[in-house]
Amino acid sequence: LRPSELRRRLKDFPVIFLPVGSIEWHNEHLPLGTDTFHAEELCFRLAEELGGVVMPAFWWNTGDCHRHLSTYYLPEELFEMALEAVCTGFSDMPCRLLVLINGHGGKYQNQLLEKIPEKLNCRKLRYKVISVDPYHQIQTCPYRIDHADTVETSLSMELIPGLIKMENPIGEDLYSHKLPFANGLPNRIIGRQVWEAFRKEAARVI
């Protein structure tokens, strides 16, 4: 966007979306940035439907992750400090709401994405900060997002189909040490259901 376009979009709908994701192992069929790509696409779709502005993604994840050469995370304290700094950096923008969309399901990151809005809202910024989490706030969908397994891969088929390589040799999961897809092969129908349920819940909250 150019400055005039940014002002116009925030005048029409004064909401900023911030994707929060991770760089993390997602087996051989999904990219290392799957969580961030999901969060970005969710933000883009919501902004297209509702209005507002999508900011560049916060890529780093924190804690509760497997150790692997392709997984990177910040210490919890640094993650919290950095994300808070990013959130408060929008203070000159004429917005009323900052929406954090979390694409990573790690326990510590989910907890911090609940904690940070509470802390920032106590500072009485010019905008309110909320977190909308597809992992825990989709109550109208029978599916829950797993890790590089049936549901997350199905969601990838809906959100980022061009980045999936199902023809790659898919090995056992780093967490469970089991081969994925024991509960059924992924498909875009499941991914669309997850997206639609999240869309309705996010639009209601926003």
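Here's a quick briefing on a helix pair, a pocket and a cavity in this structure. It's a predicted model, where local features need pLDDT of at least 70, side-chain atom pairs count only at pLDDT 80 or more, and totals for chains, interfaces and linings use all residues. Numbering runs from 1 along each chain as its sequence is written, and side-chain values use heavy atoms, with hydrogens and water left out.

**Helix 2 and helix 5**
- Helix 2 (residues 34-50) packs on helix 5 (residues 150-159) at about 45°, with the axes 10 Å apart; helices are DSSP runs of H or I, at least four residues, numbered from the N terminus, and axes are lines fitted to C-alpha atoms over the stretch in contact, with angles from 0 to 180 degrees between N-to-C directions.
- Thr34, Asp35, His38, Glu41, Leu42 and Arg45 of helix 2 meet Glu152, Leu155, Ser156, Glu158 and Leu159 of helix 5 (heavy atoms within 4.5 Å).

**Largest pocket**
- This one holds about 170 Å³; a pocket is an open set of points on a 1 Å grid over the protein atoms alone, where a 1.4 Å probe fits, with protein on both sides within 12 Å along at least five of seven lines.
- Its lining (an atom within 4 Å of a point) has 13 residues, with Glu24, Gly105, Gly106, His147 and Tyr175 nearest the centre.

**Largest cavity**
- About 30 Å³ sits in the largest cavity, a set of points the probe cannot get out of.
- His38, Leu42, Gly103, Pro134, Tyr135, Ile145 and Leu155 line this cavity.

Terms used: Points joined across faces, edges and corners; volume = space filled by probe spheres on them. Helix = DSSP H or I, 4+ residues; strand = E, 2+ residues; numbered from the N terminus.
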